Amino acid sequence: MSHKIHFPFTAIVGQEDFKLCLLLNLIDPTIGGVLATGDKGTGKTTLVRALSQLMGETFPFVNLPIGATEDRVLGSIDLEQLINNKRTTLHKGLLTQAHHGFLYIDEVNLLNDYLMDVLLDASASGGYHLEREGISEWMNSRFCLVGTMNPEEGALRPQLLDRFGLSVQIKTSIEIDERKQIAKQRLLFDTDPTVFINKYTSEEMSLQQRIINAKENVKKIAIPEEIQEAVATLTIANQVEGMRADILLLKTVRAYAAYIGVTEITHEMLVKIAPFVLLHRSKEYTPPTDPNQEEQNNQDTTSQESEEKEETQQPSPQSSFQLPTSVQEGLKFSIQEASKKKEISLNTLDELKIVPYQAEKSREIAIIASVKNYLIKDKFTPIHKQVTKKSMAHIVFLIDTSASMAIQKQIAYVKGMLQKTITSHPSQKVHYAIVGLADKTATVLQEFTTNIEKVLDENYKLKVGGKTNLGSAFLKVYELIRSINSKTLQLFILTDGKANIGGQDPFKYAIEMYKTYLGKLKNTTVIDTEQGFVRLGKAKELAKHLQLTYRTI
């Protein structure tokens with residue numbers, strides 16, 4: 001079989017950050033891979049394929065198509081060996097083939113939920129259990145995950161996003177000379193690939209040797225105490241969760257030092273690599289600074305600035321919150337089976353706990369059962385697998401946190417209702433997200449997650465203030481859900497409906513924005529939070545105009 005020829009890695013013009021991140025993963029595969037997001041046609045896939053050619057036989061390089069079947073990804077039984085030789089032999093899946101190498105997924109944001117869950121499990125534990133008829137075997141699968149995606153085609157699940165060690169953003173070049181050089185290189189390659197590749201043979205070999213040397217030296221590089229302290233300070237400033245970012249910063253800066261051939265790590269190196277680790281983990285990235293330079297420039301004010309910085313980092317005390325005892329029932333919504341169109345209507349969230357698992361025939365053949373049946377009856381009749389499906393739903397809480405929500409303590413009732421809702425069924429596969437109003441606009445307070453502790457924490461921290469821009473909030477919900485299957489999605493709008501900003505007529509503006517961006521949603525409920533003797537009834541009017549389900553707290 002002829003080896004497919006790819007564009008040489010060293011011949012690619014631009015994309016320096018992406019190149020560096022890939023090479024750092026070659027030096028230290030435990031960094032965990034890289035995600036490249038950017039415009040179409042910027043050569044992301046070309047660069048990744050060029051990496052596989054650069055590596056040669058040193059590293060396994062496996063391409064996982066987004067439409068791959070379960071058997072292809074996890075592995076399957078060799079039917080020919082089973083029938084002819086009465087021996088059970090496993091075909092290795094793509095995840096196993098990628099062990100100690102790279103697993104590449106183009107358009108990773110379009111990967112189906114099941115394969116994404118498998119990837120999360122494998123990347124977390126270094127392998128997975130392959131369960132087939134009569135067989136249960138552990139398959140080693142420790143790999144660097146390389147993904148490319150176009151954000152316009154949908155967002156990536158936060159759980160998978162965090163599994164990428166590094167991330168880079170790629171934009172179309174606006175430099176005339178660079179664009180000319182990119183086009184010229186491609187034309188030369190397409191005209192005569194062999195001649196073009198031979199031109200870069202020495203550069204490719206030189207880079208290979210540089211990587212080999214760096215891999216040998218990376219573990220010899222000591223990490224100074226001041227760099228460790230700077231890393232800890234940086235991750236705290238960026239409010240990242242857990243310790244993964246701290247460890248990755250140290251690994252990556254060490255690999256970078258090995259790559260450039262030095263034995264001492266400096267703050268400049270940390271400044272260089274920090275965005276790769278933190279940009280996709282921090283809501284608002286705060287870059288590192290060189291303390292030596294700060295001390296030189298601010299000798300007279302260092303002490304004062306340090307005290308001010310320490311004060312700003314102290315967490316502000318949160319007011320204690322007691323759940324209202326009157327909030328007793330959960331919200332009504334329907335839940336959908338993950339692989340089917342049918343919806344199951346539920347009266348309250350308490351009933352979600354008793355939704356039965358549904359078993360049905362799969363299109364996949366149960367190999368061992370079918371072969372045994374054939375050997376007994378001397379006639380081949382395919383026996384299909386039985387598939388058990390779990391219920392699943394995507395729930396969005398759009399919460400009006402404007403100043404009017406504090407007048408009659410509506411926000412307290414909202415918090416109580418949400419806590420009751422979320423804690424009613426901790427074992428179900430329900431993905432929650434929270435969108436809140438923020439002054440004159442709206443913001444995503446919590447991306448979709450099944451981690452109820454994170455959702456409860458965001459619910460607890462809800463604060464009121466500012467104006468009500470429902471139109472902006474509906475647009476923010478659209479941005480959040482556009483990559484989610486609308487069949488599993490349900491939106492709860494918790495508001496008093498008193499829109500007072502957005503367009504010339506804020507209320508009409510909100511209606512127009514909903515119809516434009518969310519009009520196709522089938523499951524939206526307006527929860528009227530208005531309290532008191534005198535009520536304007538704006539939330540009810542909103543539900544009536546949009547023909548949405550309406551209820552009060």
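Author: Let's begin with H10: on the face turned away from its buried side are the exposed residues Ser-202, Met-205 and Glu-216. Please keep in mind that this is a predicted model.

Reader: Thanks! And which residues of H10 are buried?
Author: Those are Glu-204, Leu-207, Ile-211 and Ala-214. Looking down the axis of H10, you find these buried residues within an arc of 85 degrees, so they line one face of the helix.

Reader: What covers the buried residues of H10?
Author: The cover includes helix H1 (16-27), helix H2 (44-55) and H12.

Reader: How far apart are the end C-alpha atoms of H10?
Author: They are 25 Å apart. Helix H10 has 17 residues, 201-217, and at 1.5 Å a residue it should span 24 Å, so the two values agree.

Reader: Nice. Let's move to H11. What span should I expect there?
Author: Helix H11 has 13 residues, 225-237, which should span 18 Å at 1.5 Å a residue. Its end C-alpha atoms are 18 Å apart, in agreement with that.

Reader: Which residues of H11 are buried?
Author: Ile-227, Ala-230, Val-231, Leu-234 and Thr-235 are. Down the axis of H11, the buried residues fall within an arc of 130 degrees, so here too they line one face of the helix.

Reader: And what do they pack against?
Author: The buried residues of H11 pack against helix H12 (244-260) and helix H13 (267-278). On the other side of H11, the exposed residues are Glu-225, Glu-229 and Ile-236.

Reader: I'm curious about Glu-226. Where does it sit?
Author: Glu-226 is in helix H11. The C-alpha atom of Glu-226 is 8.9 Å from that of His-267, a residue 41 places away along the chain.

Reader: What follows H11?
Author: Gln-239 does, and its phi is positive, near 55 degrees.

Reader: Switching topic: is Glu-530 buried or exposed?
Author: Glu-530 is buried, at 2% relative accessibility. You'll find it in the loop between strand E18 (524-528) and helix H21 (538-546).

Reader: Which backbone nitrogen lies 2.8 Å from a polar atom of its side chain?
Author: That of Leu-536. The backbone nitrogen of Gly-537 lies 3.1 Å from a polar atom of the Glu-530 side chain.

Reader: What else does Glu-530 touch?
Author: Leaving out residues up to four places away in sequence, its contacts include Gln-410, Asp-496, Lys-498, Arg-535 and Lys-538.

Technical notes
Residues numbered from 1 in each chain as written. Predicted model: local features only at pLDDT ≥ 70, side-chain atom pairs only at ≥ 80, totals over all residues. Heavy atoms only, no water. Helix = DSSP H or I, 4+ residues; strand = E, 2+ residues; numbered from the N terminus. Expected span 1.5 Å × (residues − 1). Buried < 20%, exposed > 50% of the residue type's maximum accessible area, 1.4 Å probe, protein only. Arc of directions from axis to C-beta. Contact = heavy atoms within 4.5 Å. Polar contact = N/O pair within 3.5 Å; in protein donor to acceptor, adjacent residues only side chain to side chain.
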